[in-house]
Amino acid sequence: MKYISTRGQAPDLPFDDVLLTGLARDGGLYVPDQWPTFSDADWRALRGLPYWEIATRVMRPYVAGVIPEDVFADMVRDAYAGFGHRAVAPMKQLGDNLWLMELFHGPTLAFKDMAMQILGRLFDYVLSKRGETVTIVGATSGDTGSAAIEACRDREAIECFILYPHGRVSDVQRRQMTTVPSDNVHCIALEGTFDDCQDAVKAMFNDIAFRDARRLSAVNSINWARIMPQIAYYVAAAVNLGAPDRPVSFAVPTGNFGNIFAAYAAGKMGLPIAQYIIGSNSNDILTRTLETGHMSMAQVVPTLSPSMDIQVSSNFERLLFDLYGRDGAALTEAMTRFRADGTLSFGRNQWDPLKAQFTGFRMDDTQTREAIRAVHQSTGELLDPHSIIGLMAAEQRRADPSVPVVAMATAHPAKFPAAVEEATGVHPALPPRMADLFDRPERFTVLPNRLDGLKDHITSTLTTRGKV
């Protein structure tokens, strides 16, 4: 399989080059040149299999010809062996045809582990085979950073720099990053928003001279290898609920659009998905786009669900690529206009197909607290401020009650203890292996939102580490 850029001006690449490249050299995002498709018999054959085996079969077409099948299967099995639940991503029924899929049983208690534990092993395999090293540069609104650090820590071929918005992540999220003592891990608290962090990472990748000199690679969901493993849990949920013999809908709390795009990818592979429901907080650019056909940036508002405090959802470009008929030039013009003006209006050719598949939903902080309290009282479940938005989106925006809808629980409630305790009076405890998290020393550097300063900091750190 080859991968192509959404902007149409970068070379087509095989999977291993896409893994190491991250962002395409023309500023676009890599996607498969064609979607692999499964037959109904293929989907049925996945029923009852352990999660790692479902994931292996789903991902196999995307790495074919690059990683031997037996090597890849061992990699996937090993990645999920340490998760805190034997099912890896267990499902709970909370109502009639209403399900919750828990994606937070990995080492950092967030759904990002579902992909990052694969990603770290993919980097090890490819870098070892090539005898190369990389510098990981990533932006996080909270959970990506700790999951990336856990996946990359202590790996000799990787130096890892994670940017997060200073003062805009939860204490647990921050400490999961800043208390890791590994010498190859470097945390940067950027004075700005997540969008500022993400823009800085993209700018470093678009500076070709800096990118090549420092051998940059990505762990954010701009890297296709981050999206690929996430497809698997949508498939696992659907086949366990009867697909392909009945359709399934999904509701996803959404920030950077990578998680919901993985569901879309499963649909492109032939999985019968009736509805994609996007859950937003007050930073509701995607919900507003679905309602109006106009995408317009607004000021980022800090909320109880900081991982969704985003106005520029990078992975939305991957969906737009399909909506623009995979015309890289047309999409480039549209995205350039959006970044220049802060607004983009879609024609019927883009908006109608978008509305036909996707539904938006929003909740503010007051509604989020009330919903956390109500669900706890009615079911006993403690949900974090992101997962509750997904669940409420499922309940209130499902189009057909006869179709099972699965809401994605993206983080353990203990990652956001203050918000959960305020809503329910219950303080969610961290797992025993993290009980001393607030006693561990922190290591991080606060930097202003200046690109030159960031590049200088990375260069000087690499120099000190003998990596330049």
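1. What percentage of the 468 residues of the chain count as buried? The share is 62%. The structure under review is a predicted model, and the points below move from the chain as a whole to individual residues.

2. The chain contains 19 helices and 15 strands. Its radius of gyration is 21 Å, close to the 23 Å that the globule rule gives for 468 residues, so the chain is as compact as a globular protein of that length. Along the principal axes, a box of roughly 60 × 50 × 50 Å holds the C-alpha atoms.

3. Contacts across the sequence deserve a separate remark. When contacts between residues at least 6 apart in sequence are considered, 76% of them join residues at least 24 apart.

4. Threonine 303 belongs to the loop that runs between strand E11 (294–296) and helix H13 (316–323). Is this residue buried or exposed? Threonine 303 counts as buried because its relative accessibility is 14%, and the cut-off for buried is under 20%. Its side chain makes a polar contact of 2.9 Å with the side chain of asparagine 281. A polar atom of the threonine 303 side chain also lies 3.0 Å from the backbone nitrogen of serine 305. Leaving aside residues up to four places away in sequence, threonine 303 touches Asn281, Ser282, Asn283, Asp309 and Asp365.

5. Arginine 465 is located in the segment after helix H19 (451–464). With a relative accessible area of 30%, arginine 465 is partly exposed, as that class lies between the 20% and 50% limits. Which residues does arginine 465 touch, not counting residues up to four places away in sequence? They are Glu159, Asp183, Asn184 and His186. Asparagine 184 is 281 residues away from arginine 465 in sequence, yet their C-alpha atoms are 8.5 Å apart in space.

6. Some backbone geometry calls for a reader's attention. Most residues other than glycine have a negative phi, and most peptide bonds are trans. The peptide bond from alanine 243 to proline 244 is cis, with omega near 10°. Proline 244 sits in the loop between helix H10 (224–240) and strand E9 (248–253).

7. For phenylalanine 257 phi is about 75°. Phenylalanine 257 is placed in the loop between E9 and helix H11 (258–268), and it counts as buried because its relative accessibility is 1%.

8. Alanine 418 forms part of helix H18 (residues 417–424). Its relative accessible area is 59%, so alanine 418 is exposed, the cut-off being over 50%. How far apart are the C-alpha atoms of alanine 418 and threonine 332? The separation is 42 Å, and the two residues are 86 residues apart along the chain.

Notes:
Residues are numbered from 1 along each chain as its sequence is written. This is a predicted model: local features need pLDDT of at least 70, side-chain atom pairs count only at pLDDT 80 or more; totals for chains, interfaces and linings use all residues. Side-chain values use heavy atoms; hydrogens and water are left out. Helices (H or I, at least four residues) and strands (E, at least two) are DSSP runs, numbered from the N terminus. The radius of gyration is taken over C-alpha atoms; the globule rule is 2.2 Å times the number of residues to the power 0.38. Buried means under 20% relative accessible area, exposed over 50%, partly exposed in between (1.4 Å probe, protein chains only). Contact means heavy atoms within 4.5 Å. A polar contact is a pair of N or O atoms within 3.5 Å; within protein, one must be able to donate a hydrogen and the other to accept it, and residues adjacent in sequence count only if both atoms are side-chain atoms.
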